[in-house]
Structures are given as C-alpha cells and as structure tokens.
Amino acid sequence: MIDVPTTWQQACAALAGGDYETAFDVLESAMSEARKPERARIALYLASVHALYGDAATAEVGAALREARTLDPALRGDALYLALSAELDARSRGPDATLPTAPVREAADPLTRFHALSALALAERPAEAQGVHLPLSELPPHLRWRLRSWQADCEEQLGHLQEAAHLYAEAAHHAQGLNRAIMLQEGAATLLQLGQAAEANAALEQARPLYTGRDPEEGLNLATWHYLSAQALLALGKPEAALEAIREADRLEREHGDPSYGVALVWGQVMTHLGQHEKALAHFETALTAATEADRPYALHELGVALLDLDRPVEARERLEAVLADPDYPYQPEVLADLAECDYRLGRLQEAQQTAEQALAQGAVVPASLVLGSVALDYYHLDDALEHYERVVREAAPDSRDWITGHQMAADVMAQQGFKDPAAAYAHAQQALEHTPESDDWHGTLQDHLNKAAALMGQNGGRMLN
C-alpha cells in the first residue's frame with residue numbers, strides 16, 4: 001500500500017538535491033502501485049514538479065491535472081488542484097487569467113499557497129502575491145529559493161528594486177549549482193538598474209565558478225552572464241573588457257539559441273563608449289530589428305543618440321520623435337534633452353532653449369544643462385552659460401563624459417570672462433586636464449587656461465591649488 005505523504009517526502013528529498021529524475025521515478029512508481037484515490041493525489045504532486053520547469057512544461061502540467069481529475073472528479077474542488085490550475089492559466093493568459101480565490105490563497109497546505117502565489121505573480125498581481133502568508137520554513141527545501149525568486153519578481157513589478165535585489169541574494173543563498181548562478185545573475189541585473197555596478201560585478205564573480213560545463217542548460221545562461229558582465233564593466237569605466245564580454249555573449253547566444261535584442265543594444269553602447277559611432281549605429285539598428293514592441297523605444301532612443309554622435313541631427317530627430325510619441329517610455333525627459341540638442345545643431349536656438357528648459361524641469365538635468373549652456377554661449381550670455389555648466393559639474397557622475405565636458409566648458413567660459421575668479425577657473429581646467437588626452441584639441445586650450453589662471457593667482461597672492 002502506497003502512503004502518499006511519505007511518497008511526496010521522498011520526492012522532495014530528491015528534489016532538494018537537484019535530482020529531478022529520481023523525484024519523477026518515485027512519483028511515477030507510486031502511481032503504478034497506488035489505488036485510484038491515491039493516484040489522483042500523486043498526479044497533483046507530479047503537476048507540481050512539472051510546474052517547476054515553467055513555460056516549457058505547460059503541456060505536462062495540463063496532462064497531470066487532467067489525469068488527477070479523471071481519477072477523482074472530486075479533486076476539481078481541491079485547493080492544490082485549483083492553485084495549480086490557476087498557475088497554468090496565468091502562464092497562458094497572464095493578467096487575463098482566473099485568479100486563485102481567497103480560500104486557496106489561505107489554504108493550510110503550504111504547497112497550495114506556493115502555487116497560488118506563483119499564479120498571482122504570473123498574472124501580474126504582485127501586491128496580492130506578496131499578501132500570501134508563506135513562511136520559508138513551511139516549504140520543502142526545493143521551493144525555498146523559488147519562493148524568494150517569485151517574491152523578488154513581485155518587488156520588481158512594484159518598482160522596489162532594492163528589496164528585489166535583497167530577495168534575489170536570499171534566493172541564491174538557498175539555491176544550488178546553476179540555479180544559484182541564475183539567482184545571482186538576476187540580482188546583478190537588478191543592481192545594475194539601481195546603478196550599483198560594483199555590487200553587480202561582485203555578484204557575477206560569485207556566479208561564474210558555478211558553471212561547470214557539464215549541464216546542457218548552461219549555454220544561454222552563461223551568455224546572460226557575459227551580457228550582464230559587459231554592462232557592469234562598462235559602468236565601471238572598462239569598455240575594452242566590456243567589449244570582450246559582449247562578444248562572448250553574442251557567440252554563446254548564436255551557438256545555443258538566437259541573437260537577442262539585449263546583446264545587440266549593449267554592444268552598441270560599448271562601441272559608443274569606445275568612440276566607434278558607425279559600428280555603434282549598426283548594432284543599434286540590429287537591436288531595433290530584434291526588438292519587441294515594448295523594447296522598440298529603447299532601441300530607437302539609442303539610435304537617435306548614435307546619430308547625434310555622428311552629427312546627423314535630422315535623422316536623429318526622426319527617431320527621437322518616435323520615442324516621444326510613446327507615453328509609457330520612462331526616459332521622456334532625456335529624449336526631450338536630446339531633441340533640444342538636435343534643434344541646437346540645426347541652428348534652431350529658440351526651439352532648443354525651450355525644449356531644453358522643459359527637459360530640465362522634468363528632471364533631465366545634465367543633458368538639458370549642456371544644451372542650455374551651448375545656447376547661452378551662442379547668445380554670448382556668459383554668466384548664464386557658466387551657471388549651466390557648473391550645474392553639469394555638480395550633477396553629472398564624476399569622471400563621466402558629461403562631467404568632463406562641464407569642467408572644460410566652465411574653464412573656457414571663465415577664460416572668456418577674463419578670469420574674474422582665477423582659482424575657480426584653475427580648478428575647472430585642472431579637473432578637465434586630468435581626463436583629457438594630449439591628442440585632444442581641448443588639451444592645449446585647457447593648459448593655456450590653467451597657466452593663465454595660475455599666473456593671476458600668483459599676482460593676487462592667491463594660494464596655489466594642489
């Protein structure tokens with residue numbers, strides 16, 4: 001006689017060690033020996049295990065649920081059956097799915113509540129999913145990291161990225177092998193969104209040794225590792241290393257699947273940072289071809305900026321206006337600033353100023369201020385220009401291209417003003433020179449400004465800066 005709870009415990013013990021084959025053998029062997037009512041319950045457990053494979057196993061989940069209700073029609077009202085059915089429906093229909101009812105979400109059985117939570121997350125009901133009470137200790141070990149992963153996904157849907165990063169880290173702690181690597185990578189992706197590149201890179205360094213080369217599922221996940229690594233390295237100011245990483249991501253994608261929008265987009269970003277704008281443009285066009293409808297605005301924005309870098313403002317404007325037409329695009333202020341730059345390059349100073357002021361008011365402080373500084377200079381409003389460039393220096397990321405430009409332009413404006421504040425002019429020129437190669441036309445100009453400011457400071461008895 002088969003004892004169903006014992007059978008499930010044996011399957012869970014195998015799953016805890018990542019041995020899915022043994023888990024299926026235990027359940028299927030019990031199915032062949034058990035009586036009809038017990039077989040129906042075991043079929044539900046088989047559906048639960050199949051559900052762990054996600055979208056790839058919807059047919060198997062559906063078949064197991066059909067077998068369960070065929071063996072015991074009364075199971076149609078069982079909480080675990082209803083939770084698994086809701087999860088399957090949510091995988092197929094997303095937000096249009098039938099949601100698990102309150103009795104299912106509050107069932108005594110933690111496995112039922114786990115699948116109810118999964119269904120709510122898949123149906124894009126993150127707040128409701130987070131409302132399902134499910135202490136980690138109540139779940140079998142193989143579901144603990146998955147619970148934290150679902151909860152992290154819900155926090156992401158709610159826009160709580162820092163909370164999501166913490167939950168992914170906890171999920172990684174409870175996972176093993178490739179699953180642990182994947183959770184570390186999910187956490188790294190969230191950290192990159194938060195601008196925490198060093199922390200993301202540290203998580204990726206933890207993930208890399210978990211790839212052994214023995215698991216057939218590793219290929220595309222390793223491609224993702226290189227894709228994320230490229231983003232982290234680029235944010236850390238290492239574009240050459242980022243180029244190596246994104247090339248490897250592309251190679252692995254082509255070997256194990258299809259080229260993706262994301263890899264093409266990041267490759268374009270890397271080439272932009274390396275100053276190879278024609279190559280960047282080609283990668284952004286590839287990204288646009290591969291983009292989903294939701295991704296298109298991101299690719300179009302990158303294309304617009306790349307065309308600006310190539311001094312093709314008419315074409316850039318066309319792409320940027322298409323992005324601005326999407327009210328859901330989250331970087332609309334930055335698009336406005338880029339459109340202002342297009343107007344400036346086309347000699348439309350009044351339009352450029354108006355659009356840049358709008359972008360500044362909406363929060364695109366650095367790019368809008370750069371355009372406003374350029375317009376003010378063209379009108380020879382030096383005090384206004386200096387105010388805009390000093391705002392760039394304050395707000396831009398230290399050592400970034402915009403930060404360097406802000407220092408360069410502030411020093412130059414102060415020179416045009418006759419070095420009224422030589423110490424400040426010296427400081428701007430010095431900061432800019434530290435990041436301007438000798439081959440750059442700016443180098444000689446900045447050195448002249450530095451020397452003149454230093455001479456004036458000496459005449460005035462001013463203290464030289466270190």
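Q: Which residues line the largest cavity?
A: In this predicted model, the lining of the largest cavity consists of A51, G54, T58, V61, L84, E87, L88 and R91. A cavity is a set of points on a 1 Å grid over the protein atoms alone where a 1.4 Å probe fits but cannot get out, and lining residues have an atom within 4 Å of a point.

Q: Which elements give two or more residues to that lining?
A: They are helix 4 (58–71) and helix 5 (79–93). Helix 5 supplies the largest share, four residues. Helices here are DSSP runs of H or I with at least four residues, strands are runs of E with at least two, and both are numbered from the N terminus.

Q: How much space lies in the largest cavity?
A: About 60 Å³, where a volume is the space filled by probe spheres set on grid points joined across faces, edges and corners. The structure holds one cavity of 30 Å³ or more.

Q: Moving on, what volume does the second largest pocket have?
A: Its volume is about 1700 Å³. A pocket is an open set of points with protein on both sides within 12 Å along at least five of seven lines.

Q: Which residues lie nearest the centre of that pocket?
A: W145, N179, I182, M183 and N221 do, out of 49 lining residues. Helix 11 gives the most to this lining, with eleven residues. The lining divides into 21 nonpolar, 18 polar and ten charged residues.

Q: How many helices and strands are there in the protein?
A: There are 25 helices and zero strands. The radius of gyration, taken over C-alpha atoms, is 29 Å, well over the 23 Å that the globule rule gives for 466 residues, so the protein is more spread out than a compact globule. That rule is 2.2 Å times the number of residues to the power 0.38.

Q: Where does V26 lie, and what is it in contact with?
A: V26 lies in helix 2 (residues 20–33). Leaving aside neighbours within four places in sequence, V26 is in contact (heavy atoms within 4.5 Å) with T7, Q10 and A11.

Q: What conventions apply to numbering and pLDDT?
A: Residues are numbered from 1 along each chain as its sequence is written, and side-chain values use heavy atoms, with hydrogens and water left out. Local features need pLDDT of at least 70 and side-chain atom pairs count only at pLDDT 80 or more, while totals for chains, interfaces and linings use all residues.

Definitions and conventions: Nonpolar A, V, L, I, M, F, W, Y, C, P; charged D, E, K, R; others polar.
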